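Have the sequence and coordinates open while you read.

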Amino acid sequence: MRNTLFLRCKYTWLWLALVLCNMAPSALAENVESTLTLKKALTSTLAQNPQLYQYRFTAEALSAQRQTGALRSALALELEVENFAGSGTNEGFGATETTLALSSVIELGGKRQARMRYADARLNQAEWEQQAATLDTLGKLTEVYIEGLATQANLRLAEESLALSHSILKTVKARSARGATAEAEVMRAQAVLVRAEIRLAALQEQLERQKVLLARFWGETTPGFQSITGNLFDFGPTQNFDQLYTRVQSSPALQVLASEARIRDTEVTLARASGRSDLSWRAGIKRFEETGDSAFTAGISIPLFSGKRSSGDVKAALANRNAVDYAQQDLLLVLHARLFEAWSLRKQSIAAANLTQNVAIPALEKALKLTNEGFDNGRYRYLDLIAAQEELLASKQALIDAATTALISQALIEQLTGEALNP
C-alpha cells in the first residue's frame, strides 16, 4: 500500500538516483555489500521505514470506524411484565400482563450517510498524510545521502591536501638542508601537515556517522555498506519557477488541508443532521393472564425542540470549516516562499559551481604549479606557496559546498512539488 500511494503522488526519485549514481540502471545492483546507491536506499526506506509503516494501521482503524458508522440502528427485544406479586387481585401472577415487543430508531436527516461521508473524508486525509510523510521522509533521506556524498568528496580533497602538505614539507626540508630556507619554515610545514591529518581523520568519522544516519531510515542500526556512490556535480536543467509553483498547488501538503476542509464540511453536515429528531418506534404483543386474551401494541416517539439544542454545534462546525480556508491560504504562502528560496538557491549554486569548476580551479592549479616551480628556484617565498595551496583547496571546497547546496535545494523542490524535477 505504501508503494502504491508513493506512486500515486507522482514523486519519482529515479532521476535524482540515476544522476547521483552516475551509472547504468543494470549496474545499480552491483557491489551492494560495499557500496550504497540512492535507488537502493530509497527502496529500502519505502519497504522498511517504521514511521511510514504505521500508516497502515491508521488506515485499518479508520476503515473499521467507517464500517461501524455504516451500520443501521439496532433492533431491541423488550419483555415487560406488569401486575404481579402485588396485593388483592394482583397477588401472585393471576392478573399478570406480559408484553413482548421489538423497538428501534429510524434515523432522519441523513445521519447515516453523513457518518459515511465523514469516515470517507478521514480515510482520504490519511492517504494524503501518508503521501506527505513519505515525501518528507524520502526528502530527509536524500539530504543525508547528498551530505554523505559531500563528505566523501571532502575526504578526497583532504587526501589531496595531505599529499600537497607532504610534498611541500619535503621541498622545504630540501631547501633548508641547502641553507636556502630557515628552520622555522620546516616547523610551519610540519604543522600544516598535522592539521591536514587531523581534518582527514575528522571527515572519516563524520562519514561513519552519516552512514549510521542513513541506515536508520530503513530500520537498521549498523550500516551494511562501506561507501555511497554518486556524482555530486551533475545538476540537470533549471525549470521555470511558475511551472514549479503550479505543481506545489496540488502537492500532498496542500491536499492534506483540502481533505481537512472536506472533513469539516462533513462535520457541518453531521451537526445539522443531529438537529433532526430521530423517530423511535415500538411494536409487540401483550398477553392478559387473567382472561387469557392477547392484543397488539405499537407506539412512536419523537423528541421536541432538538433543533435548538444542536444550533451551537452547527455554529462551531462552521467556524472550524472557515478556519481551514485561511490555513490553506497561509500554507500556500509558506510553500511559495520555501519553493522560491530553494529554486533561487539552486540556480545561484549551480552558477557558482560551474564558474568555480571551469574558471577558478584551472587558474589556481596553474598558479600553484608556477608558484611551486618558483619556490624551488628561490623566486617565491614559503608563504607564497602556502597561499597558493590554500587558495586552490578553498576553491575546491567551495565547489563541493555549492554542488551540495544545489542538490539539497533540488531535493527540497521535489519534496514540495511532489514530482521529480527532471523526470
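Residues are numbered from 1 along each chain as its sequence is written, and side-chain values use heavy atoms, with hydrogens and water left out.

**Confidence**
- The protein averages a pLDDT of 81, and 86% of the residues score at least 70; pLDDT is the predictor's confidence in each residue, from 0 to 100.
- Over residues 1-32 the pLDDT stays under 50, and the model has 82 contacts beyond four places in sequence for them (contact means heavy atoms within 4.5 Å).
- Where pLDDT is low, the predicted coordinates should not be read in detail.

**α5 with α6**
- Helix α5 (residues 111-177) and helix α6 (residues 183-216) have axes that come within 8 Å and cross at roughly 165°.
- Axes here are lines fitted to C-alpha atoms, for helices over the stretch in contact, with angles from 0 to 180 degrees between N-to-C directions; helices are DSSP runs (H or I, at least four residues), numbered from the N terminus.
- That crossing angle is why α5 and α6 count as roughly antiparallel (angles over 145 degrees; under 35 is roughly parallel, 65 to 115 roughly perpendicular and the rest oblique).
- Sorted by class, their contact has 18 nonpolar, 12 polar and 7 charged residues (nonpolar: Ala, Val, Leu, Ile, Met, Phe, Trp, Tyr, Cys and Pro; charged: Asp, Glu, Lys and Arg; polar: the others, Gly among them).

**α6 with α10**
- The axes of α6 and α10 come within 11 Å and cross at roughly 15°, so these two are roughly parallel.
- On the α6 side, Glu-185, Arg-188, Ala-189, Val-192 and Arg-199 make the contact, meeting Tyr-382, Leu-383 and Gln-397 of α10.
- That set splits into 4 nonpolar, 1 polar and 3 charged residues.

**α7 with α10**
- Helix α7 (residues 241-248) packs on α10 at about 45°, with the axes 7 Å apart, which makes α7 oblique to α10.
- Leu-244, Arg-247 and Val-248 of α7 touch Ile-413, Leu-416 and Thr-417 of α10.

**α10 itself**
- Helix α10 (residues 382-417) has 36 residues and reaches 53 Å from its first C-alpha to its last, close to the expected 52 Å (1.5 Å times one less than its number of residues).
- Just after α10, Gly-418 takes a positive phi of about 80°.
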